[in-house]
Amino acid sequence: MSAGGPAGNNLVSVDFEIFGHVQGLCYTEREGLQLGLVGWVKNTYGGTVVGQVQGPADMVEEMKVWLSKEGSPTSRITRASFTNQRSIDKLEISGFKTRF
């Protein structure tokens with residue numbers, strides 16, 4: 001493994017939707033940044049949270065676990081749905097943003 005780059009440039013992108021009592025998008029943003037991921041997150045009118053994360057496959061998997069099980073301190077997550085997972089050649093997003 002080369003230092004400083006993702007192993008084999010194994011980058012993935014995945015869309016997510018989180019169901020339940022979900023609050024604190026800033027926690028999602030912070031978690032994503034801590035894992036070195038890029039993406040976006042937003043609340044829907046239906047009370048769910050949707051978004052997309054991109055980055056090294058192993059970090060994206062960690063984020064999926066966090067989104068499914070953990071979330072922000074005030075969240076009660078009932079279900080997490082992950083769709084459109086795909087390999088990407090390069091990151092298509094920069095930073096981690098909350099959309100409104």
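Author: Accessible areas here come from the Shrake-Rupley method with a 1.4 Å probe. The model is a predicted one.

Reader: What share of the accessible surface of the protein belongs to carbon and sulfur atoms?

Author: The accessible surface of the protein amounts to about 6,000 Å². The part of this surface that belongs to carbon and sulfur atoms is 51%.

Reader: In what pattern do the helices and strands follow one another along the sequence?

Author: The protein has two helices and five strands. Read along the sequence, their pattern is β-α-β-β-α-β-β.

Reader: What is the radius of gyration of the protein, and why does it agree with a compact globule?

Author: The C-alpha trace spans about 40 × 20 × 20 Å along its principal axes. For 100 residues, a compact globule would have a radius of gyration near 13 Å, and the protein agrees because its own value is 13 Å.

Reader: Which element gives the most residues to the largest nonpolar core?

Author: This core holds 17 residues, and those touching the most other members are Phe 16, Val 49, Val 53 and Met 63. Two or more residues come from each of strand E1 (11-21), strand E3 (49-56) and helix H2 (57-70). The element that gives the most, with five residues, is H2.

Reader: Which residues is Val 53 in contact with, leaving aside its neighbours within four places in sequence?

Author: Val 53 is among the core members that touch the most others. With neighbours within four places in sequence left aside, its contacts are Val 12, Ser 13, Val 14, Phe 16, Val 38, Gly 39, Val 60, Met 63 and Phe 96.

Key: Residues are numbered from 1 along each chain as its sequence is written. This is a predicted model: local features need pLDDT of at least 70, side-chain atom pairs count only at pLDDT 80 or more; totals for chains, interfaces and linings use all residues. Side-chain values use heavy atoms; hydrogens and water are left out. Helices (H or I, at least four residues) and strands (E, at least two) are DSSP runs, numbered from the N terminus. The radius of gyration is taken over C-alpha atoms; the globule rule is 2.2 Å times the number of residues to the power 0.38. A nonpolar core is a set of buried Ala, Val, Leu, Ile, Met, Phe, Trp, Tyr and Cys residues joined through side-chain atoms within 4.5 Å. Buried means under 20% relative accessible area, exposed over 50%, partly exposed in between (1.4 Å probe, protein chains only). Contact means heavy atoms within 4.5 Å.
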